[in-house]
Amino acid sequence: MRTRNSFINFLANTGSYTINLILSFVTRTIFIHVFSAAYLGINGVFTNILSVLSLSELGIGVAMNYFLYTPIASEDKKTIRQFMNLYRVMYTVVGGFVGIAGLCLVPFLDFFLKDQPDIEGITFIYILYLANTVVSYMWGYKRAIIDGHQKSYIGTFYNTVFTTTQFILQIIVLLVFENFILYLVIQIGCSIATNFVVARKANKMYPYITEDRRDFPSKETRKEVFKNVGAMSLHKLGDVVVNNTDNLIMSTAVGVTIVGMLSNYQMIQASIITALNGLFGAFTASIGNLTVEEDDESVFRVYKTLQFLCFWLYSFCSVGFMVVFTPFMEAWAWVAGKPSEELVIPMAMLLVFTANFYMGGMRRVILTFRDAMGLYWYDRYKPIFEVIINLVVSIVLVIKIGAIGVMIGTLVSTMTTCFWVEPLVTYKYGFHRKVRHYFGLFTKYTLTTIVVGGLTYYICHFINMGGILEVILKILACTVVYNGIILLLYGRTQEFKILWEETMKILKGWYERKFKKKNEDSN
């Protein structure tokens, strides 16, 4: 059942993010054509400011999900209701704080914008961004109980429906009215609608969560929850500062233009990360259930299989970035009617950009298991060093070498902290094994990425005719060459065999159920 639910969640997430990627690309293309690069710049700056404010969320979602695994596995409705009530109160407080703190930043907006863009109503635009962030806390916590029951595909379905509606309406607004304010209002409305509908679905599926809204966990349990939330708050600090201050430092030191250029790369990267996180997120509830019910050997076997899948997907995407991104951006600039210089970043920046993506991706499975096992207390101080290193290196290097220095700062902070601390904690306290196994795997997988990726890049380099055709041919060549070599190298490994067997088992079960249902309907 765990594998089946994970697979259904994966299919739902993949379908959802594919649709969203296509629509977001179309919307962004029209956006670039209608508005100047300054609008992209303030979008990146305001989004990052509010992401920093969302630090007040303190990792509540991850911590609460961990506490829900055991009562959900045993169908302890009273305990589930108590945690959901606590979850509601905590999110209400966070949403209120973000709103108030966001308004307090209004007088200081000029500080984050080195070159004041020629855009009317910047303050009002910022308030709309703030409103979109605040409404994300409305009813959003109720999705946790659906995800905890390994049915995240339900929330994904509704999210896809309203996100698709949002993009379609925004495209109409861009083409007909060319109005940025209305563009943002539509986004806010769809965010509210998504949370409201998912909350109603949760109430309908699990009506007991609304029976007594004043029923909370015991004082001892709340103390344990706050202890874990405190540990997660430090991890949240690291994530927010490292992932959301780059654009702020760049806009303050260099200007919003480079932020606008990078935002296009970040949009595509974020869509891919969201899709991949959706894949591994589809396993999160199942992993939480697995760690409750299975032995260490079974848990470690699942981990190795998912780590191999993580390597394959993130290494392929990384190589694809290096091969396809530049010709893709040149073609995109042509479609949007803009000079390529407004969209294409230098190759050196692309290399560091891709390295950050790869390093972040290779941490995905370790973090999933760490969170599912509730181990974030053991490396709670790691984010403090990560933040200090990231800010110091980024600020020093942005002064010396410009925007690329900020990206290097992120890479350095990851390598000197997260790279070794996270696997050390998970292996020691979760798997009860020596961490050298992880570093051996990482070395093998990374060398494979560099060698096979270099060969793939060299072969694709000969495809050079410009335009959409070059992009399509390079995508096809990269896919065939890279994945073909990976299959030759790893096709006989235990991890690949497990992936193949589980996939075939699920597909066979799906086919048999569909065939059986079809026969029953015909009879």
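**Close-up views of a predicted all-chain model**

**View 1. Cys-478 and its closest cysteine neighbour.** The sulfur of Cys-478 lies 5.3 Å from that of Cys-460, the closest cysteine sulfur, which is too far for a bond. A disulfide is taken as a pair of cysteine sulfur atoms within 2.5 Å, and the structure holds zero of them. Cys-478 is buried, its relative accessible area being 3%; buried means under 20% relative accessible area, exposed over 50%, and partly exposed in between (1.4 Å probe, protein chains only). Cys-310 also counts as buried, at 0% relative accessibility. The model is predicted: local features need pLDDT of at least 70 and side-chain atom pairs count only at pLDDT 80 or more, while totals for chains, interfaces and linings use all residues. Residues are numbered from 1 along each chain as its sequence is written, and side-chain values use heavy atoms, with hydrogens and water left out.

**View 2. The largest nonpolar core.** This core has 137 residues, of which Val-45, Phe-46, Ile-145, Phe-180, Tyr-303 and Phe-311 touch the most other members. Such a core is a set of buried Ala, Val, Leu, Ile, Met, Phe, Trp, Tyr and Cys residues joined through side-chain atoms within 4.5 Å. Helix α12 (residues 296–336) gives the most to it, 22 residues. Helices (H or I, at least four residues) and strands (E, at least two) are DSSP runs numbered from the N terminus; the protein has 19 helices and zero strands.

**View 3. Surroundings of Tyr-303.** Leaving aside residues up to four places away in sequence, Tyr-303 touches Val-365, Ile-366, Phe-369, Tyr-427, Phe-431 and Tyr-438. Contact means heavy atoms within 4.5 Å.

**View 4. The second largest pocket.** About 370 Å³ of space lies in this pocket. Among its 15 lining residues, Met-322, Leu-351, Thr-354, Thr-449 and Ile-450 are the closest to its centre. Two or more lining residues come from each of α12, α13 (347–362) and α17 (436–460), and α17 gives the largest share, six residues. A pocket is an open set of points on a 1 Å grid over the protein atoms alone, where a 1.4 Å probe fits, with protein on both sides within 12 Å along at least five of seven lines; lining residues have an atom within 4 Å of a point. The volume is the space filled by probe spheres set on the points, which are joined across faces, edges and corners.

**View 5. Ser-251 in helix α10.** Ser-251 is found in α10 (residues 246–253) and counts as buried at 0% relative accessibility. The C-alpha atoms of Ser-251 and Phe-111 are separated by 9.4 Å, although the two are 140 residues apart along the chain.
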